[in-house]
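Subject: Structure for you to look at

Hello,

Here is the structure I promised to pass on. Please open it next to this note and follow along.

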Amino acid sequence: MRIVFYLNQFFGGLGSEEAAGMTPVVKDSAVGPGRLMEQVMGDGAQVVRTIICGDNYAAENLEELTDRVLREVKEAEADLFFAGPCFEAGRYGVACGALCAAVDDSLGIPVTTGMAVENPGVDLYHQSIHIVDSGAQAAGMRDALEKMAVIALKLAHQEEIGLPEEAGYIPMGILKDGFTEQTSAQRLVAMLHAKTTGEPYKSELPAPTFVPVPAPAPVADLSKSKIAIVTDGGLVPKGNPDKIAHFAATNWGAYDIASSDDLKGEAYEVAHRGYDTRYVEDDPDRLVPVDILRELEEQNVVGELHGQFYSTSGLVNPLANSRRLGREIAQSLKEAGVDAVILTST
Amino acid sequence: MATELEKAGIPVCQVTSVMPVAKMVGSNRIVQGRGIVHVMGDASLPPEEEKELRRKTVLEALEALKTEAGS
């Protein structure tokens, strides 16, 4: 089997943090973890190309890097693509996740990577690719590579991968039908009984976990700050120009308020099917308080009201989707130099 | 939404009537809104009073933005 490997500068043996800016280097043989992978997989497995890139370069030029990797994987006529494992290295994890997802998506060859569950790459890509739980320590390298190899080979042979805890990958959030001996009522009672008597039990539907994000530092001086209004209440200009869906929205819009000091109902509508929208449609300031913020801007309580408000519909939105929308809006706010946000949620 | 903006380093104050949800997802700065149908208003009030209420809510949100979270 022909294998292409992606490594960062550290695992590629080309330096540590001082080399994080390095552009991609391509070698025609196995390097570091790739060599170990050849041992793990035994005869017939050969790493034909290794792409090594600096973590910072990868983070800042992900599109270029992705194009390059896709080209190399294609040219090398690879049967499998491996990236990492990355353990807790965040930039590395995000790059490995993005590259695996792109190779899987564009070329359709089996991909796997490995990360610690805390790695931000997990949050971003666990639903699209198999990410082996590598743990945080690089000492787990061989174990992670073994699991990556097994999963990749199963993918290549179109075999069942098995449950996450059995195959050692991070759950992808897929629900599969299966047969059980007991009805849900019986299982529920058994679970409740185990819970009340202190016995171990396992929920069949784990609740989503929310990793706490440390609060950014407060605004030092509001009178010098640019404030933006973001809402998940679905306020959009009449006609809904971006066609934001009334529930499970997949996009957001930014709408001009630069010359407005009071939003008028006749110019707006609400793309949200989860609440009675008449009050906001009568007076959009009830959701997007441009009138007050404009006054406070004139009184120099705040420095500036950002010239656009951001809107999407937060109704029954899958978590991963909301997160992507949030990231995209964050990017746009950053580019606009916004210092702080008032987020109105219905 | 709030947490993604905060991950990018932008302080966010979330104004909402559904406090438990905002707390569950880990919002750091939350101000109680006046109702799901009009977080920044109250249609039952006369216009001037409603605007005053909105001013109060916006000022509370701004106050939260200039305060260290958790304090």
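One term first: two strands pair if DSSP finds at least two bridges between them. Keep in mind too that this is a predicted model.

**Where the two chains meet**

Start with strand E13 (residues 340-345) of chain A. It pairs with E1(B) in the parallel sense, over 5 bridges. At A:Ser345, the residue standing opposite is B:Thr16 in E1(B).

The whole contact takes 40 residues from chain A and 41 residues from chain B. On the chain B side, the elements that give two or more residues are helix H1 (2-7), strand E1 (12-16), helix H2 (19-24) and helix H3 (47-65). By class, that side of chain B has 23 nonpolar, 10 polar and 8 charged residues.

**Chain B on its own**

Chain B has 3 helices and 2 strands. From the N terminus on, they run α-β-α-β-α. The chain has 71 residues, and 48% of them count as buried. Take the contacts in chain B between residues at least 6 apart in sequence: 28% of these join residues at least 24 apart.

**The six-stranded sheet of chain A**

Chain A holds an open sheet of 6 strands with mixed pairing, in the order E2-E3-E1-E4-E5-E6. Strand E2 (25-27) and strand E6 (131-133) stand at its edges. Each has a single partner strand, so one side of each is left without a neighbour in the sheet. On average, neighbouring strands of this sheet are turned by 20° against each other, direction ignored.

E5(A) and E6(A) pair in the parallel sense over 3 bridges. There, A:Met115 has A:Asp133 in E6(A) as its bridge partner. Helix H6 (residues 141-156) of chain A packs on the sheet and touches E4, E5 and E6 of chain A. The direction of H6 makes about 155° with that of E5(A).

Helix H1 (residues 33-41) of chain A lies across E1, strand E3 (46-53) and E4 of chain A. This helix runs at about 155° to E3(A).

**Helix H4 of chain A**

Does the length of H4 (residues 90-107) agree or disagree with what its residue count predicts? At 1.5 Å a residue, its 18 residues should span 26 Å; the end C-alpha atoms are 25 Å apart, which agrees.

After the helix comes A:Gly108, whose phi is positive, near 70°.

In soluble globular proteins, nonpolar side chains tend to be buried together. Here the largest nonpolar core has 55 residues. Those with the most contacts inside it are A:Ile3, A:Phe81, A:Phe82, A:Leu99 and A:Cys100. H4(A) gives the most to this core, with 9 residues.

Which residues does A:Phe81 touch, leaving aside its neighbours within four places in sequence? They are A:Val4, A:Val73, A:Cys100, A:Val103, A:Ile109 and A:Val111.

**Backbone spots to check**

Most residues other than glycine have a negative phi, and most peptide bonds are trans.

- The peptide bond from A:Gly84 to A:Pro85 is cis, with omega near 5°. A:Pro85 is found in the loop between E4 and H4 of chain A.
- A:Asn240 is not a glycine, yet its phi is positive, near 45°. It sits in the loop between strand E8 (235-237) and strand E9 (253-256) of chain A. A:Asn240 counts as partly exposed because it has 16 C-beta neighbours inside 10 Å.
- A:Asn300, also not a glycine, has a positive phi of about 60°. Its loop is the one between helix H10 (290-298) and strand E11 (304-305) of chain A. With 11 other C-beta atoms within 10 Å, A:Asn300 is exposed.

Best wishes

Notes. Residues are numbered from 1 along each chain as its sequence is written. Chains are lettered from A and ligands numbered from 1 in the order in which they are written. This is a predicted model: local features need pLDDT of at least 70, side-chain atom pairs count only at pLDDT 80 or more; totals for chains, interfaces and linings use all residues. Helices (H or I, at least four residues) and strands (E, at least two) are DSSP runs, numbered from the N terminus. A residue is buried if 20 or more other C-beta atoms lie within 10 Å of its own, exposed if 12 or fewer, and partly exposed in between; C-beta atoms are placed from the backbone. Two residues are in contact if their C-beta atoms, placed from the backbone, lie within 7 Å. The expected span of a helix is 1.5 Å times one less than its number of residues. Ala, Val, Leu, Ile, Met, Phe, Trp, Tyr, Cys and Pro count as nonpolar, Asp, Glu, Lys and Arg as charged, and the others, Gly among them, as polar. Axes are lines fitted to C-alpha atoms, for helices over the stretch in contact, and angles run from 0 to 180 degrees between N-to-C directions. A nonpolar core is a set of buried Ala, Val, Leu, Ile, Met, Phe, Trp, Tyr and Cys residues joined through C-beta atoms within 7 Å.
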